Amino acid sequence: LTAKKIIEFRRLPKTRKQTFVNNLKKPAVKSNSGGDYWISCISAITNACKENDNTFITNKIDFLIGQHKGTSYKRTKDMYQRNIDILSSFKEYDFTKLKPKKITELSSKPTTKNILQIQGLSVQVYPNYVFTYKNNQTDEVGAVWFVSQLKGFKNEELQIFSELLYKYLSVNYSKKYTINSNFCTVVDVITLVELKHSKLKSTGTASI
């Protein structure tokens, strides 16, 4: 399961939830759709965040404008335009607020432990950016997860991503690093809403 599938399930009326679950049990069919609808903007935003360089954003916009002009297929045009619109809102975004000033290393994400077991369910977690750093004498870890869906996510849906991200860091890094929940951040690229896991802790929000 992905976080998006969990959210999709929660949005359904009770009459459709069982059908949704039954469909999940069927063997997955390979898709030839060409990948994630939002991959163009997410990859550029991630690179800009890692390097603190918003030219990744503007360069990708220029590229997508060319792609948009080069196709007459409406669905493809819409996809390019939506990615362009998202990137345009990030042209002056301050990525430094998502991470500490001095990062020790960009951490390679584990490929074997991105499937978490949660109450009997296997859930995929793929953060965009995991980093480690020193806070005084403490080795800490943080992460950023850029998430996207048409019209964006509700606050409680972003909480699901936030909880999963924190659990991902706990499973993969807690033996060696202290998790700083102030730098465990989910960003909805549609609405630009940011949710740090520390906010859930400070407000005593119940786990979803």
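Let's start with Glu-8, which is partly exposed at 37% relative accessibility; here buried means under 20% relative accessible area, exposed over 50%, and partly exposed in between, with a 1.4 Å probe and protein chains only. The side chain of Glu-8 meets that of Lys-5 in a salt bridge, 3.7 Å from N to O. That term stands for a side-chain nitrogen of Lys or Arg within 4 Å of a carboxyl oxygen of Asp or Glu.

Both residues sit in helix H1 (residues 3–11), 3 residues apart, or about one turn of the helix. Helices (H or I, at least four residues) and strands (E, at least two) are DSSP runs, numbered from the N terminus. Lys-5 is partly exposed as well, because its relative accessible area is 32%.

## How to read this model

This is a predicted model, in which local features need pLDDT of at least 70 and side-chain atom pairs count only at pLDDT 80 or more, while totals for chains, interfaces and linings use all residues. Residues are numbered from 1 along each chain as its sequence is written, and side-chain values use heavy atoms, leaving out hydrogens and water.

## A link between two helices

Side chains of opposite charge can pair when their charged atoms come close. Another such pair to look for is Arg-11 with Glu-157, a salt bridge of 2.8 Å, N to O. Arg-11 lies in helix H1 and Glu-157 in helix H6 (residues 155–173), so this pair ties together parts that are 146 residues apart in sequence.

How do the two partners stand towards the surface? Arg-11 is partly exposed, with a relative accessible area of 42%, whereas Glu-157 is buried at 4%.

## A pair in helix H5

Next, find Lys-74 and Asp-78, whose side chains form a salt bridge of 2.7 Å, N to O. Both belong to helix H5 (residues 74–88) and are 4 residues apart, about one turn of the helix. Lys-74 counts as exposed because its relative accessibility is 58%, while Asp-78 is partly exposed at 27%.

By the salt-bridge rule, the count comes to 5.

## A nonpolar patch

Leu-1, Leu-24 and Leu-121 make a nonpolar surface patch of about 230 Å². Patches are made of residues with over 30% relative accessible area and no salt bridge, joining like charges within 9 Å and nonpolar side chains (Val, Leu, Ile, Met, Phe, Trp, Tyr) within 5 Å. Accessible areas come from the Shrake-Rupley method with a 1.4 Å probe, and for residues only the protein chains shown count as cover.

Leu-121 belongs to strand E3 (residues 121–124). At 43% relative accessibility, Leu-121 counts as partly exposed.
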